[in-house]
Amino acid sequence: MFLHCDKTASHYVRVALDKVFGMNNFQSEIVWNYKRWSNSKKGLLNTHQVIYFYSKTSDFKFNQIYTDYSPTTNIDQILQERERDKNGKSIYKKDEDGNIVLAKGKKGVPLSDVWDIPYLNPKAKERVGYPTQKPVSLLQQIIKLCTNEEDVVLDPFCGSGTTCVAAKLLNRVYMGIDLSTDAVELANNRLKELVVSESNLVKNGVESYVGKTDKELALLKSIGAIPVQRNVGIDGFLQQQINGKPIPIRIQKKYETLDDTIRALDNAKQTKHSDVKIIIQTNDNRGLFQLDTDAVVLPSNELVIKEKLKGIGFRVDNGGDVHKIGQI
Ligand SMILES: C[S@@+](CC[C@H](N)C(=O)[O-])C[C@H]1O[C@@H](n2cnc3c(N)ncnc32)[C@H](O)[C@@H]1O
């Protein structure tokens, strides 16, 4: 049960909801955080709303959602197992020979109760003009968290039908109720043609705005890897491990030869723990030395297409335009 409420009423609402659903069934107070620009009033700009999460009993469905590590996370924190010393202080775990112990496969950071999801901007494609309309991505996150495909989602105050749209997109069975016939009509129309505004923030995570380009993030996502920031040699790790060891990934940078990429990955100190390393090759500049590497070199889709086009007499220039070979 997810209930959204206005900040001015939140304390009273919480007391009332505890009475209805039972204090023990309260799970979380979710802060929906977004950016908004206004200089209209004296005081702090309000840029969040509160959503209360209650379950019916203590036995409720909950699908953990993982998010990327924050840019300030030290890469060793991701790779190494931790334990508490005798004073209760968290330390890196060592085995009896004093070697560090590698962490089991990590999927990222479990979703917290503060959600960064953009507010619908006035020109958003999905906006239908309903005054209290919520973004579909907010409802999708709620639905993913506590239901599986084909489960039933009910919104008894559905307004413009955002919950139903999100549920339909996620293959859930849905029901919406509203006392306004205009709202019901609007919701039914929205369900005929699903429109969602894509947000890079939601797609890639807040952390994506630091360090990595959209292209790099897309490449990492396409192979199910978790991006890491602030590391000169490594761009990410696969979610799977091999022999209990992490699999680091480096993407060849635009102005880097493959030799440079191989050196950068080899020099990253965290790769010495790994049996398998991956390089994603993005251009055909191998470099002078044509270095050997024990890393698995995967061509990016873009490079595969370039090579195929070359095979049939075309070349792709740096701007992405395609020319017949021999022509400028
Ligand atoms: C905050 S809006 C919901 C907006 C919705 N989340 C969206 O994204 O469009 C609340 C809705 O509850 C409806 N409503 C209010 N009292 C109701 C009642 N007793 N039974 C059914 N619907 C009701 C209103 O007509 C309004 O559309």
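Mentor: Let's start with the ligand and then turn to the pocket.

This is a predicted model, in which local features need pLDDT of at least 70, side-chain atom pairs count only at pLDDT 80 or more, and totals for chains, interfaces and linings use all residues. Residues are numbered from 1 along each chain as its sequence is written, and side-chain values use heavy atoms, with hydrogens and water left out.

Around the ligand there are 13 residues, and Tyr-130, Lys-134, Ser-160, Thr-162 and Asp-178 come nearest; a residue counts as near when one of its heavy atoms lies within 4 Å. By class, this shell has 5 nonpolar, 6 polar and 2 charged residues. Here Ala, Val, Leu, Ile, Met, Phe, Trp, Tyr, Cys and Pro count as nonpolar, Asp, Glu, Lys and Arg as charged, and the others, Gly among them, as polar.

Now look at some N or O atom pairs, remembering that a polar contact needs such a pair within 3.5 Å. A side-chain N or O atom of Tyr-130 is 2.3 Å from a ligand oxygen, and one in the side chain of Asp-178 is 2.7 Å from a ligand oxygen. Lys-134 takes part through its backbone, where an N or O atom lies 2.9 Å from an oxygen of the ligand. The protein buries 68% of the 600 Å² that the ligand exposes when taken alone (Shrake-Rupley areas, 1.4 Å probe).

Of its 35 lining residues, Phe-2, Leu-154, Asp-155, Pro-156 and Thr-163 are closest to the centre. The lining divides into 19 nonpolar, 10 polar and 6 charged residues.

Notes:
A polar contact is a pair of N or O atoms within 3.5 Å; within protein, one must be able to donate a hydrogen and the other to accept it, and residues adjacent in sequence count only if both atoms are side-chain atoms. On a 1 Å grid over the protein atoms alone, a cavity is a set of points where a 1.4 Å probe fits but cannot get out, and a pocket is an open set with protein on both sides within 12 Å along at least five of seven lines; lining residues have an atom within 4 Å of a point.
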